[in-house]
Structures are given as C-alpha cells and as structure tokens.
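Here's a quick tour of a model with several chains. Have the structure open and follow along.

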Amino acid sequence: MKAIITILAVAALASVPLWLRDPYLLNALITTGIFVIGAMSLNLLLGFTGQLSLGHIAFFGIGAYVSALTSLGFDIGLPGDIRLVHAPWPPIAGFVLAILVAGLCGYFVGLLSFRVRGAYFVIVTISFAEVVRLVALNWVELTQGPLALTNIPSIALPLPGFGELMLRTKMQNYYLVLVVALTAYLLIARLVHSHFGRAMRGLMENETLAVSVGIDVTRTLTIAAVISAAIAGAAGSLYAHYIRIIDPEVFAFINTVTMVIMVISGGKGSLAGPVVGGLIFGLLPVALRPVMAPEAQWIAYGGVLMAILFVLPRGIVPSLALRFARRRSGKTALAPVALPETGVKEPA
Amino acid sequence: MTRTLGLVPAIVLATALFGGAAGAQTIKIGVNEPLTGAFAASGTYVVNGARIAADEINAKGGILGKKIELVIEDNKSNPTEAAAVAEKLITSDKVPVLMGAWGSSLTLAVMPKLMEYETPMVVETSSSGKITTTGNPFIFRISPPSAVEAAAFKGIVDKLALKKVDFLVINNDWGRGTAEDFSKMMKDKGITIGLVETMDQGAQDMSAQLSKIKSSDSETVIVTTAVDQLTLIFKQAAALGLKKRIITTGGSQNPDQIIAQAGAAANGTMHLTTFLPWFPDKTPNPEATNYFITEWKKRGFEFAGCTESFRGYDGIRTAAAAIEKAGKAEPAAIKAALWNINIKGLNGDIVFRKSGPEGKESGQSQPNVYLIEINDGKVEMKTI
Amino acid sequence: MSEFLQHLINMLVLGGTYALLGIGLTLIFGIMNVVNFTHGVLYTFGAYIMFIVVQQLGLNFFLALPVAVLAGWLLGAAIELTLLRPLRGSDIDTTMLVMIGAWIAMQSGTLWIWGGVAKSVTTPFPEAPLVLGPVSVSWLRLFVLAAAAMLILVTYLLINKTSLGRAMRATFQDHDTASLMGVNVDMIYTSTFAIGSSLAAAAGALLGPVYVIFPQMGDLAAVKAFAIVILGGLGNITGAVIGGFILALAEELGAGYVSSGYRDAMGFLIIIAVLIFKPTGLFARAERVG
C-alpha cells in the first residue's frame, strides 16, 4: 500500500513537465522543490532527533556560496601576505564541494551545539546563522558582500563522449531538482530505518534510557547533523545555479522559517511530511497571488498555517495517517499507533 | 497522502486559469516592485507614480490606438520572488517590457530572466554599478549609479572646500558602492578619506558609529541610506552633539519627511538629489513636473513621496515612448526602440548611452543631480 | 577617552531598553515554555498605539504610555486565550509555529492598516541634548531609561512580592505540583503572557518616539530580546537586565573599536561563547524567576 502510494506520487511528480507548460508555474515548482530538499534535511534533525534548529538556512547558504565561488573563482588576500587564487571550476564540482563543506560545518556546529539542548540549542543555531550572514555581508573580498555574486553558471552534467549538457531549461532543472530530492529522500529513509535510525529515535524518546543501552549520544547527533547539513548544502548549491545570483539575504531568517513551516505543518518525523507541507506552503503564495492584495496574501499565509496546526496539531501526514489507521482498525482508542510513513512507534 | 497530493494539481490548474485571461485590447507593461517586506514603502510610492503616468497616457488616447495596462506584481523585497515575478509577467501575462525592481539585488535576480526571454526592462531605482556593467543588453536604467552621482558631485567639492571626509553608509550594494565611487573621486581631488562606517539595513541605533565619527578629525560626513535611517541619524547626531557638515547622497532622502520627522536636527544638512519637486520651474521639464505634483497631491499621497515616486512615473513614460517608437508591442522591437528614444523626464533628458562590455551593452541614461540644503525647516537649492 | 565615555553613556541608555525588551520575553519563555514569536509584533503594536494616541488623537504623550501598556495587556491576553490555551499540551514546536503564523499575519496586518511609510511621534522633550563635559545624551532617552527602570522594578516587585508572583514562581518550578496545590495554572499562563506582552508594548511605546515606527521594527527587537533571554537564563529577570546591558556594551564597543559591519554579530558571538562555556546562561545558579 505504502509502496504503491510512493510510486504513484513519484510518477505524478515526474510527469509534471510533460503536461504543465507554464514556465512560471514550473519555476515555482523548482524553487519549492529546492526548499523541500532543505526542509527534508531539517526534518532529519527536528523530526528524528528532536533538535529544533532555527539556523538551518546557514548550511543552505554556505552550500550556495561554496558552489557559486567554486564555479566563479576568487582571488583573496589572507593574513601574512598570502594570496589565495582559485580559477573557476565546473559547477558540478561546486555542487560536490558544497555538500562536503556544508557537511563539515554541520560537524562543527553539531559538536558545539549539542552541548546545549532545548531553547538554548534553538538560540545557538539562530546565532550561528546570523554570524555566517554577517561574515558573508562583510567579507567583501571573497563574497562581494552585498554587491552579490552574479552570473553564476547553470549546472552542466558531464556526459562522457558527448562533452557536457548545460541544464538551462525549466524542464531540465525540474528533473535535476527532482532527482536530487529523490536521492535525499531515499538516503534519509534508509538512514531512519537503519540501526542508526533506531538509535536516533531512542534518543529522542528517552535520552537516559538510550544512554543506558549503550547509544553514543554525541556521535549519533553529530552524524545526523552532518548528513542534515550536507543535504541542505546540496539544496543551496541547486539554488545558486538556478537563480544565478546570491547575496547575503539568502541567510534571511524568513528562509529558515519557511523550512520550519514546511516540516512542522507537513508532520515532523514523517518522511513524506516535509514534501507535503513543502508543496502546500511553497505553492500557496502562487495560488494566493492572483486573488488578493499583497498584504492580505501574507495574512492568509499566516492564517492557513495556524488553521492547519489547530486542526491537525501533529502535522498533516501523521494526523491523516492516524485517522486512516483508526478507521481501518475500526477503533478510536488511544492505542499506540504505528505511523505508516515511518514505522515510528509512539512512546507508550 | 494521495488526497493531499491530489490538491496540488488543482491549485496549479486554478492558478493557470486565473493567470491565463489575456486580452489583446491593451498594451501591457509589467511592474515588478516590492509592495511588502523591507522596501514596501518605497515600492508602493514607485507604483503610485507609475499609475499616474499610465492614467495620463490613457487619458490622451493611449499608444498605438490602445490603452496601456500596468500589470503590477509584488516581489516581496525578496530576490527569489523578484525572479519568479519576472517569469510570471513575461510568460503568463505576456508583457513585452518591464519596469523594476527597486533594490539592486532584486534587479540583479531578475536579469537572467530578461536574457532567457529576451525582454527589456526599464530600471527605475537600483544604483549598483554591476547592473549595467555585466553585459546584459536588456537593461535600460534611468536612475544614476553611484559613479554617475560621484562624477556630478566632482564639480561641487571645490566650492564646499572639503578636506577630510568620513562615510556612514548602509551595508548594501548601494551604500558600499557609494563609499567606493565617492572615495575614488575625492582622492583624485586631494581630499583625505577618514572612517568608512557601515550600518545594517533596518538598524535603528547608529549612536555607536556616530560617536566614533564625532571623535574623528574630519569636517564632513557623507551619509548614504534611505529616508528612515537618515531621520534617525540626524536625530542621533544632534543628541550626540555632532557638529560636522552632513551631506547625503542617493536621491532617496525625501527632505520633507526628514524636516517633518527630524525637525531642527535636519537644519544645515545638504543632500544630493535627482528631483526638485520644491522648485518645479527649475526642473528640466517644468510642465510635466507641475502636472505630476498636482496629480500626486490630488490623489491624496504625501508630498514627501514625490522624490521616490517620480521614478515610477518616468519609468512608465520611458517604456511607453519606446513602445510608440517601436510601432508594435513586441520585446525585440521595444528593445531596439529604447536606444532611439529621447524624452524629457522629470530629472533630465532620458537618452540611453551604451555601458558595459562591447556587443552586449546595457543602456544608461544620465539624469541631473542637484545639491539642496535644509535651512530653518525649508529646502533651499544650492547653485552648482 | 571622550569617545570611550560617550560609548559608555550610549551603552547605559541602550542597555536599559534592551533590558525592558528582555524581561517580558524571559517571563513567557521561562514560565510557559513558549518560544514567543509575537514578542516583536507586540513591540510594534505598542509603538503604533503611541502614534495613534499622540499624533492622531492629539492626546498627551505621558497618557499614551499607560494606554499602550493596557492595550498590550489586552492583546496578549487575547492571543493566549485564542491561540495558546487550545494548544496546551502540544509540544513546543507546534506552539512555536502557531506563534510564527500569528507573527506573519499580524505584521502584515500592520502594513495593511498603516502602510510601510515610517511614522514618527513628537515628544514634549527639548531637542537640544544634555551636555556633560565631553559627552551628551538626549533628554528623551534619559526619560526612556528612567521609565524602563521603573517598569523593570514594578515587574520585579510583582513577581517577588505579590501572591500572583508567588503563584507564577511556583508554576515555573513545577506546574503539575502548583496545580495540585490549588494554583489556577490556566489563569497564571494567561496573566504571564499578558504581562509579558504589556512589557513588550511598553518597550515599543517608549522606543517608537526615539526611533521611527514602521511594520518591521519589531523583528530586530525580537532577535535582540531572544539573545538577552539566553544570556540571562530562562525566566531570570535579573539575568535579563544584566544581559541587556552586556549586549549593549558589546555592540557599542564592537562598533566603536572593531568594525561597525560586525556590530550585530557581537551579541551572537557572545551567545555562542557563553553557551560553549556555560551552557545554561550566565546566571543559571541565580533564582530563576525573579
């Protein structure tokens, strides 16, 4: 049942460019898709380890800058009269480096911030994102600061024997984002269902118990943070090569908020949650645009968000799955319910 | 899950239907401006100015026998949205020419879309040098980049007897670009450059930066930012007892708003501006200026908004003139015609000169720059 | 030297307002465990109340302040009753996201009603500053500092010397036990949120005339408030006050002697440093509420 739904959903998403010709809507789907990838990576932390990061955009932005700078080249002076000159590399190398560097940053932030939990963790992550934004804004020699990095090349896929394929059209970029999103989805799914995934969930449900059965808390959380950051970096790289200009505004807090909205409204701790929440909140502005005044669109956006949480406080996917499961089993008792999307057991 | 996924195509279809209603009875001009978010106030002013131009043109019978229709979209002060809005205007609304996008990063984000769909855009406000130097032949800018402003200021510096100058600029492309271009010009003139301080966009307390400037040995401070921060700077400088001459640049000063909000603190400040709504008769096109100001007041807008909104008015008149010259509402023809227009804008003749790499030059018009001084709560024009 | 003295004076004036921003949030955060994203909007709301009362109704400046406090109290109570009470028992992420939704909707509402053009409020204070030797400070800011100090003192007394305060402290320590001991926890939550909100509105009403009033003014204020709360420790009013002054000092000296571009980074760098070396805030050992 679950497999059928997944295959149908993938087939439906893959077929979109075949019947949807409107470039504006395709563009909206591509940018939404990029943010959905970011939301999926955030979900790995928030939904499966219970750590709420409000600085997730930092990894996304770092990925965007690393990828852009790799493909544009730079020439900077370092302390001690050293000049660091980098000639432009192909964008695909930027994509790979974006994943690696974002992952590395995830490692250090993970080490640092898992010393603190709860509200303190939230603030550390916000602080980290703000500091990175201010560095991007003020290190003008490297990042051009507010003058923005422009003319970032589109991603080109090397095809052995045929040279390379520049991904310029909407359809090509749509499939690129879809492929990266599917890869990220499968990677997270594998991880969650592995021994490591059980360790993460054990930690989230009862840290003391998890420690007593031999789970290495810091190691588990750090690995989750590294993978999460690396995926966000990949999304950032896609963003840089698709929009083709980035400035420090990419680190804006509202972008993190967008990802958090996608994860929690869709259902944290559910693999499909960020996808469903992401598609709704990514496309809602598109749907609202023609029907109301600009300020009213934002009011409606906030209103829809509050309404979803009131009706489905666990998020769309887990709440609907729960109702579906109850209807099938024919009882309404509060028995522990296996969530079909993830197989996560509710704590008894 | 299937139910929710089913919703998505429905939303998409509904939007396609909404956006698809196009009539060939009008000639459309796309307007891509920030109406919400950080730049909402300025974007709204520009749109209101644009509306005056459109109504004026339509009252006179339109162009090519058709009325013009502004398709106004909010880019939410966000580069990603600005690019998406450009895409919508060009592909769904089928506009043959755009005006936008206020902030430089917003305009820069739109530029790849212009290349992709080969559609020209009139840039009405953005000041980043990069816009006209990176080789985008679909850009036609009527606002002065900071280098043009610096060049215009060059003739004035001798009269002001500047010796040492500090800068306090907003930390974005506009402020940084101004500090760079003005420093270069002043160094050539033998003026010493002291501190270059920055403030974040949206920052409200500049006392720390001003205290530092207060203790420096320069006699003049060049300040570049939008009107709200300027008001705060004048108030805070007065509170700190900062006695230096303050000159602001950038043309987003709204001196009337400054006088209203900063009061006596604004006295003695000088401003480089691109439009003179206080002295319509001294502008290059007094008739149009008077019409614009009368219409602006008639619609109940604040007079202070004039210095921002005239750009929207000029931008739409530029686009309309190009359509008329082209003889048809097609992007390629309008782009070619933009090179040949010569209209009297509110701040000088709008004639595009080539700028940027050869073969793919952008258009840059050279607007006038004026120096005004606020004295006893009144705007005075300094003859340059 | 005179520059340094001027920075210190600036720090004092700025720190007082930061402290006022921080204490409202720390109460809500500490007692209710709600990451209150509407704090900045309430700050903006207080400033607009000031604008309405003074500029549009033409009433007295000093009358506007209590009006703003009352309006903030009412709006805070309304938010608690309609948005938070029905979600009691949901996890912290869900309530946080509802607060984010309210923040987006309310901020856009302000933009819709008043437009994006900044407003200013005329004050009865002289424009010429008070000059003390090499340093000077505006009379309005001195008034703001005094008013902030008074509001902080009132809040401190409310928490430490009244029965409502005792019930709030009990709820902070253990709300289940407090509830068993006969404390009306629902009432405490509503009061806490209303008091915190009225303090945010008071900060906005005081600072609106110092700066200018526009719909996004609360965003930066809220970020600073979060930083102050973390520096001081959750629910710790004294900590929030000291945290406010530390943040102001770091910003002043950072902008004055390091680089103004990194002015806003100073606060965040301190937070990261504090949390690395003392993960529960600077004043974790102090009595938590009060």
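## Pairing in the chain B sheet

Two strands count as paired if DSSP finds at least two bridges between them. Keep in mind that this is a predicted model. With that rule in hand, look at β10 (residues 270-273) and β15 (residues 370-375) of chain B: four bridges join them, and they run antiparallel.

## Where B touches C

How many residues of chain B are in contact with chain C? On the chain B side there are 31, and they meet 33 residues of chain C. Four elements of chain B, namely α2 (40-59), β7, α8 (207-214) and α9 (227-240), each supply at least two residues of that side. By class, the chain B side has 11 nonpolar, 14 polar and six charged residues.

## Chain C itself

Chain C has 11 helices and two strands. Reading from the N terminus, its elements go α-α-α-α-β-β-α-α-α-α-α-α-α.

As for overall shape, the C-alpha atoms of chain C fill a box of roughly 60 × 50 × 35 Å along the principal axes. A compact globule with 290 residues would have a radius of gyration near 19 Å, so the 19 Å of chain C agrees with that. Of those 290 residues, 61% count as buried. Among contacts in chain C with a separation of 6 or more, 78% come from residues 24 or more positions apart.

Methods: Residues are numbered from 1 along each chain as its sequence is written. Chains are lettered from A and ligands numbered from 1 in the order in which they are written. This is a predicted model: local features need pLDDT of at least 70, side-chain atom pairs count only at pLDDT 80 or more; totals for chains, interfaces and linings use all residues. Two residues are in contact if their C-beta atoms, placed from the backbone, lie within 7 Å. Ala, Val, Leu, Ile, Met, Phe, Trp, Tyr, Cys and Pro count as nonpolar, Asp, Glu, Lys and Arg as charged, and the others, Gly among them, as polar. The radius of gyration is taken over C-alpha atoms; the globule rule is 2.2 Å times the number of residues to the power 0.38. A residue is buried if 20 or more other C-beta atoms lie within 10 Å of its own, exposed if 12 or fewer, and partly exposed in between; C-beta atoms are placed from the backbone.
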